[in-house]
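Please look through the structure below with the sequence beside it.

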Amino acid sequence: VDPPGAAAGLRKALADKERAVALAAAQSLWQAGKDAAGVEVLAAACASPDDAAQALLVLAEMGPKAKAAEKAIVAAAGSKSADDRVAAAVALHAVLG
């Protein structure tokens, strides 16, 4: 059971200037309540070498609910990192079916 206001607090954290905070909020919203409000944050994180793998994993879990992140996922498929390229392929398959 989520504490009252937890989801609202996490949604507010999506706008945090600290990328790590916003990314953690997006991931938590999805994992705790299947709330896809953080798709934009996750899409932006796909461009970061430090955060792409984590973001792509969550986007893959979201499946079709992450359709808005399709361009970011495709861009991540061109990453220098083999791990990010594989994660992007998995996410793209999950999002597009």
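The axes of helix 1 (residues 6–13) and helix 2 (residues 19–33) come within 8 Å of each other and cross at roughly 140°, where axes are lines fitted to C-alpha atoms, for helices over the stretch in contact, and angles run from 0 to 180 degrees between N-to-C directions. Helices here are DSSP runs of H or I with at least four residues, numbered from the N terminus. This is a predicted model, in which local features need pLDDT of at least 70 and side-chain atom pairs count only at pLDDT 80 or more, while totals for chains, interfaces and linings use all residues. Residues are numbered from 1 along each chain as its sequence is written, and side-chain values use heavy atoms, with hydrogens and water left out.

On the side of helix 1, Ala7, Leu10, Arg11 and Ala13 meet Val21, Ala22, Ala25, Ser28 and Leu29 of helix 2, contact meaning heavy atoms within 4.5 Å. The residues of this contact divide into seven nonpolar, one polar and one charged; Ala, Val, Leu, Ile, Met, Phe, Trp, Tyr, Cys and Pro count as nonpolar, Asp, Glu, Lys and Arg as charged, and the others, Gly among them, as polar.

Helix 2 also meets helix 4, and the axes of these two come within 11 Å and cross at roughly 25°. Helix 2 and helix 4 are therefore roughly parallel to each other, a description used for angles under 35 degrees. Leu23, Gln27, Trp30 and Gln31 of helix 2 make this contact with Gln54, Ala55, Val58, Glu61 and Met62 of helix 4, and by class the contact has five nonpolar, three polar and one charged residues.

Within helix 4, the residues Ala52, Ala55, Leu56, Val58, Leu59, Ala60 and Met62 are buried, that is, under 20% relative accessible area with a 1.4 Å probe and protein chains only. The elements that cover them include helix 2, helix 3, helix 5 and helix 6. Just after helix 4, Gly63 takes a positive phi of about 60°.

The largest nonpolar core has 30 residues, and those with the most contacts inside it are Leu42, Cys46, Leu56, Leu59, Met62 and Ile73; such a core is a set of buried Ala, Val, Leu, Ile, Met, Phe, Trp, Tyr and Cys residues joined through side-chain atoms within 4.5 Å. Helix 4 gives the most to this core, with seven residues. Leu59 touches Val39, Leu42, Ala43, Cys46, Ala66, Ala69, Ile73 and Val95, not counting residues up to four places away in sequence.

Technical notes
Buried means under 20% relative accessible area, exposed over 50%, partly exposed in between (1.4 Å probe, protein chains only). Angles under 35 degrees count as roughly parallel, over 145 as roughly antiparallel, 65 to 115 as roughly perpendicular and the rest as oblique.
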